[in-house]
Amino acid sequence: MRASYEWLKELTGIGASPEEMAEKLTAVGLEVEAIHRFPAPEKVVVAEVRAIRPHPKRDKLRLVTLFDGSAEDEIVCGAPNVPDPGGRVLFAQLGAALPTEEGAPFVISERAIGGGPSRGMICSESELGIGAGGEGIFVFGATNAPTPGTPLADALPVGDAVFEIGLTPNRPDCLGHLGSARDLCAIYGVPFAPPTPPAPPLRAEGAVPPSDARVALGWAEGGREVALEDDAGGGGGGGGERRRAGGGRERRRQRRERRRGARGLWRGRRVLHGRRVGGGRLRERGARGESEEEREEVRLATAGETLETLDGETRELTPDDLLICDGEGPVALAGVMGGANSEIEDATRHVAIECAYFDPRSVRRTSRRTGLHTDASHRFERGVDPNAVPAVLARAAQLMAELGGGVALAEALDVVAQPHEAPRITLRRDRLDALLGYAVPKDVPARVLAALGATLVSEDDAAVTVTAPSWRPDLSREVDLIEEVARIHGYEHVPTAVPRVRPSATGTAPRIRFERALREQAAAAGLFEAVSYSFVSPAELRAARAPLDTVALANPLSEERSVMRTSLLPGLVAAARQALRRQAPEALLFELGRVFAPTGDRLPEEQPRLGLLLAGRTGGWIGAERERDFYDLKGFLEAVLAPGGLVPTLKAGAPDAPWLHPKRQATVQLAGRVVGTAGELHPEVADAFELEGVRLQYADLDVTALFAAFEAAGVPQAPALARFPAVTRDVAMLVDDGLEAGAVAASLAEAGGALVEDVALFDLYRGDNVPEGRKSLAFRVTYRDADGTLTDKRVDKAHAKVRKAAESALGATLR
Amino acid sequence: MSDALKAFEDGLDEVEASYREVLSGAADEPSLRAANAKLVGPEGRLTKLLKLMKSVPGDRRKDLGQRSNAVKNAIKELFDGQLEALAAAAREAELTGPALDVTLPGRRPLPGRLHPITRIKHELMDVFTSLGFDIADGPEIDTHENCFDKLGFPPDHPATDMQDTFFVKGADGNVDPRTLLRTHTSTIQIREMSRREPPLAVVGPGVVYRRDDDATHSPMFHQLEGLLVDENVSMADLQGALQVFLSRLFGEVVEVRLRPSYFPFVEPGAEVDARRPGGEWMEIGGCGMVHPVVFEHVGYDPEKWTGFAFGMGIDRMAMVKYGVPNIKALFENDVRFLSSF
């Protein structure tokens, strides 16, 4: 919403500066987000046209002789609307600096136009930055034009400031100037006296609307051209040619409107419906409001009924849509857009003015269904003032007559479904004070509420009772009044207290704390956290071989983000790909986020998962560089999970993870539970993500299962620390290549019996001196007796069993 | 017997005569220890010699025993002294010798990093936990009731429009107008109040979604919702809670300002601005007193209980704190970005 400072000043009589006014408006919730200014440029003066002659060389240019108060000069001008001699225009002299949208001013200098010199420029309003006036130069009206030589600043009331107000949807009354003006008066404690034109006598005629609505209809008869454009905002752009009105007052209004960015004269009054009565139809049928054709009907559409709206679309209607009809049929989709048959044209001489209140919900539904969000629907769906209908109608007719030079006809129709009943609301003082946290002075509530237009019903020490003003649909219960009192009295009166927080016995759910701990451990282990969009494309999920039974968005922004992810892989791979393409040596990433699966119920299943992705090369300035491999991933997994006191076990094979390399995949178990999968990405998956030849290591863990495993395992308990020294013995052997090192170690440990504390692999070798199909493994076996110092003899005995088991049970050749 | 005696005496003479030279010749600790072992180690000359003591005639044993011990002690004394001297020399050499090339690249253990959004989220969680709030969460896809209706949005409110809110498709492939991607974390308020009895104090951080995608808007972003419900909670408490929280977050006492604003689920409603000493006002988020209609929807008695709620954008805080110029950068996962904080 844009509001003119000058206009607010005129309505309130408050002389504060624009800055102060903006601050006050912001302080009561009408946030002024910007102040636009339209200062008058210097060296622009009123000039009189003395003569016009065609340009000798160019068809579209003319040579205009101007008198700027001191001298005459001939100027080249290309505008189509240069007035006849005697007409007055605005003339930018040499050196005038005109504002531009880019910021740097456009300085008028002597230029050659069409072969001859031109010293100065005849200007339009937009060139001067004082309005958004249409085509052509600005021309003063025939009467009361300022004398030549008058500076622009004195010739026109320029220099207004326009407030850009970020209006909240609860304040439809502030969609016009009256609402903000009323708030300002309440803040400053001055009486508010809005202009009240005489209302025409209203005849209650026509069918009563089927839903909550009130429609009044009046007429104006154009004396000359009628300066109106189409009403509903969605129509074909600029509307008709506007007539330049004569008097200063009208000019001022026009200029204010344009500065606000409004496209036509009537934009400030969206409740108006100017009707086309072209072709003299109304006149033929009797212009004075007496013939039967002047019926007003508000009714619901019938199924299959159609209406061509102002935007040229033929709309199919439903019985939920409200229509305005005249004697011949529908002329408007109530509160949303007028019918094409009601458009005002240049030749229009008679206008029916309709002013209405509609049930906001009805307008909202029609607006949503048709996808038409118009200026009209914007206002009606927030709620206009039902009681203001006759007054607004009268004001519209009055303005139309003044500005268009027409005549407002004296009578009007008014149909009301149900009279507006102002809610009666009681404000308890103790409740007010308790909610705001301070003792509001006794006189404040009634004063504030009255200033905002509420009618005082009663007031005593305990409470104030009022009826709410009809233009404030947001006021219906006590707390609404509390907010009004707080707002106008000023939030700055609210003191600062330290709240009493009663902590819960249970505290934050362990599940939530666990997610945090996991993230922190992953970062501590050396991984970088990614946050990806939760929506992906089905193609990405296919490429990732992720589940394709997805939760799909009904209204996605694009195909790329049209379904909820079923895997973290697409996001992580994209990040890794980006890293490698930008020549990062490696990408060590994790993400903890939710994946989504349909359930058949209303809400899908949301599963928190932890994804780990490694790609690239490792190695520093000492040590060999190599590509990150499966064992890096396994190491990271252990590092991420170790602080909980559990070591993950990897079992070969991950049948439910088709995205993994068939020979380099594992199921991850934690304390006996399956918690996820880990492995190298299937080369075809890497190919599908355009990472041909890149080996990526990916682990996908179910956070809920991890949490369950840690919960079941409980807090790690202090172990009995060994008091006696350990003895280590090494054993090296050749075994079949297919034998898992883990199985070998387990066999050795079992064979060694109770003295074996640990069996750790320290060497793996294939190649020279090792036969094809075999590998060399070397283990370090740690022996310890918890109850005494081991003797060599006992260790030798146990180790002999280990060596023997290797040979007999594992088919190993000891080395 | 005299052979044995002679051999012993000769051996002892020899050890006595040579040990100084042997030990003093060692240039470093390992060679000193090796030399020492040759004398008094398990296979050392003196050790072997002493094993012959039992074949020495009885009348000489005492005399030779004393002499042997004296030699042994002398060796030990010299060894200890040499050891100390060598250590001192090594120390001296290190302290006065050539310096390290400190410009060689470090061997980094390379810890990872949390995402800036997570870092801010954890900071907020810490502050609120310290104030006595519990952390809560809720589903990212929620019902129209939890996201709008129970919060007091009127039916057909513009915010509930397809224009602004992502809806999901039902099992039949059509739009399910009752299921949507939550547009704010205020759903967490409703869920917490629906499952717990007052008093309660919770904050809920989480992902939210809106159909906005331009230079300054991301269709996915993060919010933190706060809620306190108790008896006699006032707007002064709200202001105080925000003041304490923001001061802790910024690490200095900040000024807090409430400006009237409108959110359907609070009244009075406000925008929160904060200002650090000497700084500019910053918009922090929205807040207000819980609207009685919300209490009615979750079955709390609005006459008995009052409360405040607030919400703020986590992404924006991360952008301010870490100087991120564009919200999109938060979701691009550029490793150079992720490793910067």
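How many residues does helix α20 of chain A have, and how far does the helix reach from its first C-alpha to its last? Twelve residues, 741-752, and 17 Å. That is close to the 16 Å expected at 1.5 Å a residue; the expected span is 1.5 Å times one less than the number of residues. Helices here are DSSP runs of H or I, at least four residues, and strands are runs of E, at least two, numbered from the N terminus.

Some ground rules. This is a predicted model, where local features need pLDDT of at least 70 and side-chain atom pairs count only at pLDDT 80 or more, while totals for chains, interfaces and linings use all residues. Residues are numbered from 1 along each chain as its sequence is written, chains are lettered from A in the order in which they are written, and side-chain values use heavy atoms, with hydrogens and water left out.

Back to α20(A). Its buried residues are A:Val744, A:Ala745, A:Leu748 and A:Gly752. Buried means under 20% relative accessible area, exposed over 50%, partly exposed in between, with a 1.4 Å probe and protein chains only. The buried residues pack against β37, β38, β39 and α21 of chain A; contact means heavy atoms within 4.5 Å. After the helix comes A:Gly753, with a positive phi near 80°.

Next, aromatics. The whole structure has 20 aromatic pairs over all chains. Ring centres must lie within 6.5 Å; planes under 30 degrees apart are stacked, over 60 edge-to-face, the rest tilted. Take A:Phe535 and B:Phe166: centres 5.4 Å apart, planes at 55°, so the pair is tilted. A:Phe535 is in strand β28 of chain A and B:Phe166 in a loop of chain B, so this pair joins two chains. A:Phe535 is buried at 3%, and B:Phe166 is buried at 1%.

Last, charges over rings. The cut-offs: NZ of Lys or CZ of Arg within 6 Å of the ring centre and within 35 degrees of the ring normal. The charged end of A:Arg780 sits over the ring of A:Phe762, 5.0 Å from its centre. In chain B, B:Arg257 lies over the face of B:Trp281, at 4.3 Å from the ring centre.

Definitions and conventions: Rings of Phe, Tyr and Trp (its six-membered ring) pair if their centres lie within 6.5 Å; planes under 30 degrees apart count as stacked, over 60 as edge-to-face and the rest as tilted.
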